[in-house]
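I am opening my notebook to record what I looked up in this structure. I will take one chain after the other and then turn to where they touch.

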Amino acid sequence: MPRTAPHKIELKKQYLYSILSVLLVTAICYGLTPYLGYRVVALILLVTVSLIAISFDIWPVLLSAALSAFIWDFFFIPPHFTIHVNSTEDAILLIMYFIIALVNAVLTYKIRQVEKLARLREEKAKAIKLYNTFLNSLSHELKTPIAAIIGATDNLQAGNESLSEENKEQLVEEIAKASFRLNQQVENLLNMSRIESGFLKPRQDWCDISETIHEVVRRIEENNPAQPVSIQLHPDLPLCRLDKVMLETVLYNLLINAVRYSGPQSAIAVIAACYADTLELTIEDNGPGFPTEEINYVFRKFYRGTDNTTSGTGLGLSIVKGFTEAMGGTVELSSPTGGGARFTLRFPGAASPVKLH
Amino acid sequence: MNKPGILVIDDEAQMRRLLDITLQTNGYLVTCAATAKEGLIQAANHPPDLVLLDLGLPDKSGQDVLKSLRQWYTNPIIILSVQHDEEAIITALDNGANDYLSKPFRTGELLARIRSAIRTFNTEEGEPIIGGPDLEIDLTARTVKRNNEPVKLTLTEYSLLALLARNEGKVLTHQYLLRAIWGPGFISQSQYLRVFIAQLRKKIEKDPNRPEYILTESGVGYRFINNS
C-alpha cells in the first residue's frame, strides 16, 4: 500500500539512527574509560536508550536496548572483549540493565499508542461534526428550492380564482429561480465528486479570458441585478491555455461568494493581468472580509466561516482550489484587517506569447 | 370580513415570496420577517393570528425564537423546517409549537394545518361535542359514538382519545401523552401508548390499519384529525 511506504523508509532510518547513537555513545565512553567506572557507562547507555524510546518505534528501541546490553558486557564489564562475566554482581547488573531497557521501551511505546488513539478519536469526532454540518446545510440548500417549486406548482394547479395574472407570473419566476439554484447546487456536488475521485483531467485549450470573464459576470448580474461587478482587464491580454468550463466555475464560485457575503452596496471587481507567461486573475470585494485565523481554512471542504449568517454548503471555495490546481494554477486569499477580501488566481505558463490585439 | 393575519419568519427570500402569494390568495393577511429579531419585533407590534416559523434562522435559533414568543404569545405557531430530525421536532413541540411541517410540503397540507390550528385555538374554550355522525365524542357526557352507536371504551382509552380530540389537529408527543395519561413516571414506557392507540383504533377507525382519526407522526407522537 502506498500509505505505508514513507513509514517504512522512516523505520529503516530509525534502526540506523538507533545503532549509530548507541555506537557513538559507546565510542565516547570507551575513550573516557580511564575516568569512568564501567557501572556509570551502564547508566549513560541506559539514558541513550531512553532518549531513543522517546521518539522511535518499539523495534528500533528494543534493538538498541539489546545492542547496548551486549556492548556494555563485551567492551566494559571485565574481562573485556568477552561476553563472559566474572562476578555475580556484574551478572545481576547486566540482567537488570537489560530488563530496565526493555521496560523503558515498552512503557514509552504504550504511552504513545494511547496518545495516538486519543488523537485519532478526536480527529474522527471533528470529521463527523463537520460532515453533519455539511449534511444539514446541504439538505437546506437542496430542500429550500424544492419546497419553492412544489409550493409554486401547487398554487398554479389549484386553480384558485384569487390568483392574479401577476401572481402566476411571479410563481413561474420562482420556479425558474429555484430550478436554477438547485442546478447550481447539483453542479457543485458533481464537481466536488470529480475532484474527490482524483480523475480530474482539465481539457486545456486556448481561451479568450476577456470573453470568459464577461460571460460569467453577465450570469451573476442577471441573478443579482442589485450588485454590479466591475471588470478591469489589461488591454492586451493574450490567449491562455486553460479549461474554459473549469475556469468559468472557479470565477462563478468566487463572484457568487462575493455577492452573497459582502452585503448590498459593496463594490466587487474582477481584474485580469498578465506578467510574462503568467495569467493573474483577481476577484475582490470590500465586504467584511475574513478573520485572519480563518484564512488557512476557507479552502477546506465543508468549511464554513464561524460568524456567517448566510446559508451555504462549504463546497464553493474547495472547488475553486481543486479546479485551479488541476489547471496548474494557485489560489491565494488575502483579507486586510480593515475588511474586504481578495482572491488571486495565478496560472504560470498559461499565457501564450501571441498578444490578441 | 376580517382576514386572519399570519406572520412568516423565514430567512429564505424565496420561501417568503412564495408563502406571501400562497397565503394572500387564500384569504390571509401576510407579513414577513427575514430574521429572528425582525420577527420578534413584528410579532410584538402587530400580534398575528398565527406564526409560521422557520427553525434555521441566521441570527438566532428558531427554538429560541419559539421560547421568546411563548413567553407572551398564545396564538398558534407552526414550524416550517427542512430539519426532519425527530429530536428537533419534539423540542419545538415541547417549546410550545402547535404543529410542524417539514420542507418541502404540499400547499394543501399547509393550508389545512393553518385552518385547523386557528380553528382549534378559537374553539379551545370547550365545545363539548367534537366530531360528527361518523364519530362523536361528547366531552361532557364522556361518551363516544360511532355511526350513532355507543362505543365502549375503558377509562384510559377514553382519557387518551379525549386528550387527542381536545387538541384536534395538533401533534401530541409520546412523552406528553404518557405524562398526561399515565403520569411522570411513565414517560419512557412508549409501549403502553402503542397498545392503547392500537386498541382505540380498533374501536373507532373503519380500518385500523389505515387510520383516519388518530394519525401517527413517526418518531414524534400522534395527531387527532376531525374527519366527521
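Among contacts in chain A between residues at least 6 apart in sequence, what percentage join residues at least 24 apart? I found that 72% of these contacts do, and I note that the model is a predicted one.

I then checked burial, and 28% of the 357 residues of chain A count as buried.

Next I turned to chain B, where 5 strands form an open sheet with parallel pairing, in the order S2-S1-S3-S4-S5. Strand S2 (29-33) and strand S5 (99-102) of chain B stand at the edges with a single partner strand each, so one side of each has no neighbour in the sheet. Direction ignored, neighbouring strands of this sheet are turned by 20° against each other on average.

I followed one pair within the sheet: strand S1 (residues 5-9) and strand S3 (residues 50-54) of chain B run parallel and are joined by 4 bridges. In this pair I found Val8(B) opposite Leu52(B) in S3(B). I also saw that H1(B) lies across S1, S2 and S3 of chain B, and that H1(B) runs at about 170° to S2(B).

Last, I looked up the contact between the chains, which takes 23 residues from chain A and 19 residues from chain B. On the side of chain B that touches chain A, helix H1 (13-25) and helix H5 (107-122) of chain B are the elements that give two or more residues, and H1(B) gives the most, with 7 residues. I noted that the residues of this side of chain B divide into 7 nonpolar, 7 polar and 5 charged.

Terms used
Residues numbered from 1 in each chain as written. Chains lettered and ligands numbered in written order. Predicted model: local features only at pLDDT ≥ 70, side-chain atom pairs only at ≥ 80, totals over all residues. Contact = placed C-beta atoms within 7 Å. Nonpolar A, V, L, I, M, F, W, Y, C, P; charged D, E, K, R; others polar. Buried ≥ 20, exposed ≤ 12 C-beta atoms within 10 Å, placed from the backbone. Pairing = 2+ DSSP bridges. Axes fitted to C-alpha atoms, helices over the stretch in contact; angles between N-to-C directions.
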